[in-house]
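Trainee: I have a structure to read and I am new to this. Could you take me through its features one by one?

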Amino acid sequence: MNIESTFDDFHINGNKVEGEVQKIRTRENDEGLPQSIVTKELSIIWEDGTETEISSERTRVKIEGSNSWFWGDDVIEITGSSTHSNSEGTNRELKIVEPLIRSFACKFIISGIVKIESDNGTRTINYGDGTCDGIATVEKNGESREFQLRKKQRFSK
């Protein structure tokens with residue numbers, strides 16, 4: 001099943017979005033597993049006139065749980081890359097160098113490595129060893145620190 005979305009003169013909150021998103025779903029890939037590939041070629045023109053270009057391709061494969069109706073045993077493997085650039089000359093490239101693993105029994109990505117290269121240097125995010133702990137490690141310039149994934153924050157009035 002293919003789904004194609006084209007944005008032409010589309011605005012949201014005063015920002016203009018142009019380009020297209022294509023999603024290709026396959027019941028069985030070459031390994032017999034359900035798969036979807038999402039490709040994006042977008043341009044966002046912000047209210048202040050600056051522009052952001054986004055180009056990406058992401059592949060999601062259901063590597064466990066496709067033979068049951070219970071979604072809690074599903075495990076998804078995510079691969080891909082994207083590039084982002086803006087009219088101010090800032091460029092960023094994101095590449096999944098070790099597949100991200102998302103178990104539906106956990107609300108966090110549980111393993112995988114993402115490398116982000118930008119004008120400000122290179123960062124690596126390591127999502128862990130498969131444990132559902134909500135902790136990832138970011139490394140930059142030889143220094144690393146842990147951080148909490150999706151930690152909800154409450155703001156006082």
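Trainee: How many bridges join strand 4 to strand 5, and do they run parallel or antiparallel?

Mentor: Start with the general idea. Strands of a sheet pair through backbone hydrogen bonds, either parallel or antiparallel. Strands here are DSSP runs of E, at least two residues, numbered from the N terminus. Two strands pair if DSSP finds at least two bridges between them. Now the case. Strand 4 (residues 51–64) and strand 5 (residues 75–86) are antiparallel, and 12 bridges join them. Arg 58 has Gly 80 of strand 5 as its bridge partner. Ile 54 stands opposite His 84, also in strand 5.

Trainee: What should I know about the model before going on?

Mentor: It is a predicted model, where local features need pLDDT of at least 70, side-chain atom pairs count only at pLDDT 80 or more, and totals for chains, interfaces and linings use all residues. Residues are numbered from 1 along each chain as its sequence is written, and side-chain values use heavy atoms, with hydrogens and water left out.

Trainee: Which residue in the turn between strand 5 and strand 6 has a positive phi?

Mentor: Gly 89, with a phi of about 90°. The two strands form a hairpin with 4 residues between them. Strand 6 covers residues 91–103, and its antiparallel pairing with strand 5 has 9 bridges.

Trainee: How many residues lie between strand 3 and strand 4 in their hairpin?

Mentor: There are 5. Gly 49 sits in that turn, with a positive phi of about 95°. The antiparallel pairing of strand 3 and strand 4 has 11 bridges. There, Lys 40 has Ser 56 of strand 4 as its partner. Strand 3 (residues 35–45) also pairs with strand 2 (residues 15–26), again antiparallel, over 11 bridges. Arg 25 and Ser 36 are bridge partners in that pair.

Trainee: What is the order of the strands in the sheet?

Mentor: The order is 1-2-3-4-5-6-7-8-9-10, in an open sheet of 10 strands with antiparallel pairing. Strand 1 (2–12) and strand 10 (143–148) are at the edges with a single partner strand each, so one side of each has no neighbour in the sheet. From one strand to the next, the twist averages 10°. For such angles, axes are lines fitted to C-alpha atoms, and angles run from 0 to 180 degrees between N-to-C directions.

Trainee: Is Asp 9 buried or exposed?

Mentor: Learn the scale. Buried means under 20% relative accessible area, exposed over 50%, and partly exposed in between, with a 1.4 Å probe and protein chains only. Asp 9 has 53% relative accessibility, so Asp 9 counts as exposed. This residue belongs to strand 1. Its phi is near 55°, positive although Asp 9 is not glycine. Asn 13 also has a positive phi, near 50°, in a residue other than glycine. Asn 13 lies in the loop between strand 1 and strand 2. With a relative accessible area of 67%, Asn 13 is exposed.

Trainee: Which cysteines form a disulfide?

Mentor: A disulfide is a covalent bond between the sulfur atoms of two cysteines. The cut-off used is a pair of cysteine sulfur atoms within 2.5 Å. The whole structure has 1 disulfide. Cys 106 and Cys 132 form it, with sulfur atoms 2.0 Å apart. The torsion about their S-S bond is about 85°, so the disulfide is right-handed. It links distant parts of the chain, 26 residues apart. Cys 106 is buried at 5% relative accessible area, whereas Cys 132 is partly exposed at 45%.

Trainee: How many residues does the largest nonpolar core have?

Mentor: In soluble globular proteins, nonpolar side chains tend to be buried together. A nonpolar core is a set of buried Ala, Val, Leu, Ile, Met, Phe, Trp, Tyr and Cys residues joined through side-chain atoms within 4.5 Å. Here the largest has 17 residues, and Leu 100, Val 114, Ile 125 and Tyr 127 have the most contacts inside it. Strand 7 gives the largest share of this core, 4 residues. Another core, of 6 residues, lies apart from it and includes Val 17 and Ile 54.
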